[in-house]
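Here is a quick tour of how this chain is held together.

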Amino acid sequence: MTALKIPQHVVLNQTVRMECNFNLDRETLYSVKWYKDGHEFYRYVPKEQPAVHVFPLAGVSVDKRSSSEKSVVLHRVNRDSSGRYRCEVSAEAPAFNTVSDHADMTVVVLPERGPTITGGKPKYQAGDLVRVNCTSAPSKPPALLVWYVNEEPVDNQYLKGPHITKANENGLEIAQLGLEFRAYPKHFRHGDMKLKCLATISSVYKRSNERRVAGDEGFLKQPMESRETRAQSHTRGDLANGKPLIHIHIHI
């Protein structure tokens, strides 16, 4: 076995290609078999006609035309498609030498919107307590939340959580991360302070929300501003195909 390529995270309804690369080292190929959670769903035997055999399995819909001895393509993955996938390669008789490798794949249900920031005040003075919450929209798995103050990541001692709760009967989950600290002059730049919450799920989802609040220096004349940014496309396919990133700015 030279390389097993299975994406760690894929988006719901995406088409996925899994690759199983091997070197026969002068032996003859007998079969290539694919398993999900220990159950065989695909077999390639070059001496048989047809060479490809597909076995029904929940969450696995094989595109036979696009699959071969070294790759398997799954149509429109669903939540049942998450699991451990194993490729097993066997050489011909008499030895029937066999090698195998496995990897886990998780199907992601993306949030329908970016994270929201709640709590806090539109203006702070030195010594005031800043207490805000960042909440992700329902997803599976829950989003990873990170707080920034003036683009600097916040130390863990000022964080509350994260707390994960079930959103509905479909198993989607909501993440919430609180931020609590005393505001001092060092936190204000040019009269204001920027609070930012970033939500990510592996490499397939990345959105943030920002809030600017005025400081006691009074340099910021405008009211509190909130901005949501979508910094990354939703699918690995978009990234792989070089599609431009999409930016969404909402000003309140």
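## Disulfides and salt bridges

Cysteine 20 and cysteine 87 are both buried. Keep in mind that we're looking at a predicted model. These two cysteines are joined in a disulfide, with 2.0 Å from S to S. The link is left-handed, at -85 degrees about the S-S bond. It connects distant parts of the chain: cysteine 20 sits in strand E3 (residues 16–21) and cysteine 87 in strand E8 (residues 83–91), 67 residues apart.

How many disulfides does the structure hold? There are two, and the other one joins cysteine 134 to cysteine 197, S to S 1.9 Å. Cysteine 134 belongs to strand E11 (residues 129–135) and cysteine 197 to strand E16 (residues 192–201), so this bond ties together parts 63 residues apart in sequence. The link of cysteine 134 and cysteine 197 is left-handed too, with -80 degrees about the S-S bond, and both of its cysteines are buried. Number the bonded cysteines in sequence order and the pairing reads 1-2, 3-4.

Now for the charges. A search of the whole structure turns up 14 salt bridges, including these:

| Lysine 47 | Glutamate 92 | 2.9 Å |

Take lysine 47 and glutamate 92, whose side chains meet in a salt bridge. Lysine 47 is in the loop between strand E5 (39–44) and strand E6 (52–54), while glutamate 92 is in the loop between E8 and strand E9 (98–108), so the pair ties together parts 45 residues apart in sequence. Lysine 47 counts as exposed at 65% relative accessibility, whereas glutamate 92 is buried at 16%.

Lysine 140 lies in the loop between E11 and strand E12 (144–149), and glutamate 173 is in strand E15, 33 residues apart. Lysine 140 is partly exposed, with 28% relative accessibility, but glutamate 173 is buried at 13%. Which residues make up the network of salt bridges here? Lys140, Lys166 and Glu173 are linked in it.

Arginine 212 comes from strand E17 (residues 205–214) and aspartate 192 from strand E16, so the bridge ties together parts 20 residues apart in sequence. Arginine 212 is partly exposed, with a relative accessible area of 27%, and aspartate 192 is buried at 10%.

Stepping back, the secondary structure comes to one helix and 18 strands. Of the 252 residues, 44% count as buried. Among contacts with a separation of 6 or more, 58% are between residues 24 or more positions apart.

Conventions:
Residues numbered from 1 in each chain as written. Predicted model: local features only at pLDDT ≥ 70, side-chain atom pairs only at ≥ 80, totals over all residues. Heavy atoms only, no water. Disulfide = S-S within 2.5 Å. Helix = DSSP H or I, 4+ residues; strand = E, 2+ residues; numbered from the N terminus. Buried < 20%, exposed > 50% of the residue type's maximum accessible area, 1.4 Å probe, protein only. Contact = heavy atoms within 4.5 Å. Salt bridge = Lys/Arg side-chain N within 4 Å of Asp/Glu carboxyl O.
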